[in-house]
Amino acid sequence: MHIQHVAFDHPDAVKLSDQVQAEYAVRYGDDGDATPLATADFDPPNGLYLIAYDEAGTPVASGGWRAQDDNGEGNQNGDAELKRMYVVEAMRGRGLARRILAALEDDARTAGRIRMVLETGAKQPEAVALYRSSGYEPCGKFGYYRFHDLSLCFAKAL
């Protein structure tokens, strides 16, 4: 497996983002995650977007972080917000999400961020299990879905 930094608008990133959006639509019965995201959000040193490729060069997993500071939506100064963590169904259970998560945490820490935060949903028990087993704890709600009942927010000190 090879993990590579790409732009958020790279064709492989768009492909995986479309796949995760389709999965959200099935799980939640809507159009997917409506959180506003811009390509520049993931530009170093204020963010990073990663894709894992298999030995054939096929993109199989993704994830990114973007800098967030006190913004009136529940974020705190020094936050790094995790976004678009996804592993294609055929590759799940192989530790790819953990590898990407660890790389994102390391990069955010190096960039001076002090806390990694994420929002997931109650209909994503696999994601909740990953984050809890990786040291994330429930935190105050933040972001676009902070007023939604199914929204779950977690944080981990970096």
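Modeller: In strand 3, G47 has R66 as its bridge partner. Ground rules before you ask more: this is a predicted model, where local features need pLDDT of at least 70, side-chain atom pairs count only at pLDDT 80 or more, and totals for chains, interfaces and linings use all residues. Residues are numbered from 1 along each chain as its sequence is written, and side-chain values use heavy atoms, with hydrogens and water left out.

Colleague: How many bridges join strand 2 to strand 3?

Modeller: Helices (H or I, at least four residues) and strands (E, at least two) are DSSP runs, numbered from the N terminus. Two strands pair if DSSP finds at least two bridges between them. Strand 2 (residues 47-53) and strand 3 (residues 59-68) run antiparallel, and the number of bridges joining them is seven.

Colleague: Which strands stand at the edges of the sheet?

Modeller: The sheet is open, with mixed pairing, and its seven strands follow the order 1-2-3-4-5-7-6. Each edge strand has a single partner, so one side of it is left without a neighbour in the sheet; the two are strand 1 (2-5) and strand 6.

Colleague: Strand 5 next: how many of its residues are buried?

Modeller: Strand 5 runs parallel to strand 4 (residues 79-87), joined by three bridges, and antiparallel to strand 7 (residues 151-157), over seven bridges. Buried here means under 20% relative accessible area (exposed is over 50%, partly exposed in between; 1.4 Å probe, protein chains only). Strand 5 (residues 115-121) is largely enclosed by the rest of the structure because the buried count, out of seven residues, is six.

Colleague: What does the side chain of D79 join in a polar contact?

Modeller: D79 lies in strand 4 and is buried, with a relative accessible area of 1%. A polar contact is a pair of N or O atoms within 3.5 Å; within protein, one must be able to donate a hydrogen and the other to accept it, and residues adjacent in sequence count only if both atoms are side-chain atoms. At 2.8 Å, the side chain of D79 makes such a contact with that of R115.

Colleague: And S134, which backbone oxygen does its side chain reach?

Modeller: S134 sits in the loop between helix 3 (125-133) and strand 6 (137-138), and at 14% relative accessibility S134 counts as buried. At 2.8 Å, the side chain of S134 reaches the backbone oxygen of L130.

Colleague: Last one: which element gives the largest share of the lining of the largest pocket?

Modeller: A pocket is an open set of points on a 1 Å grid over the protein atoms alone where a 1.4 Å probe fits, with protein on both sides within 12 Å along at least five of seven lines; lining residues have an atom within 4 Å of a point. The largest pocket is lined by 35 residues, with Y24, M85, T120, Q124 and A127 nearest its centre. Helix 1 (11-28), strand 4, helix 2, strand 5 and helix 3 are the elements giving two or more residues to that lining. The largest share, six residues, comes from strand 4.
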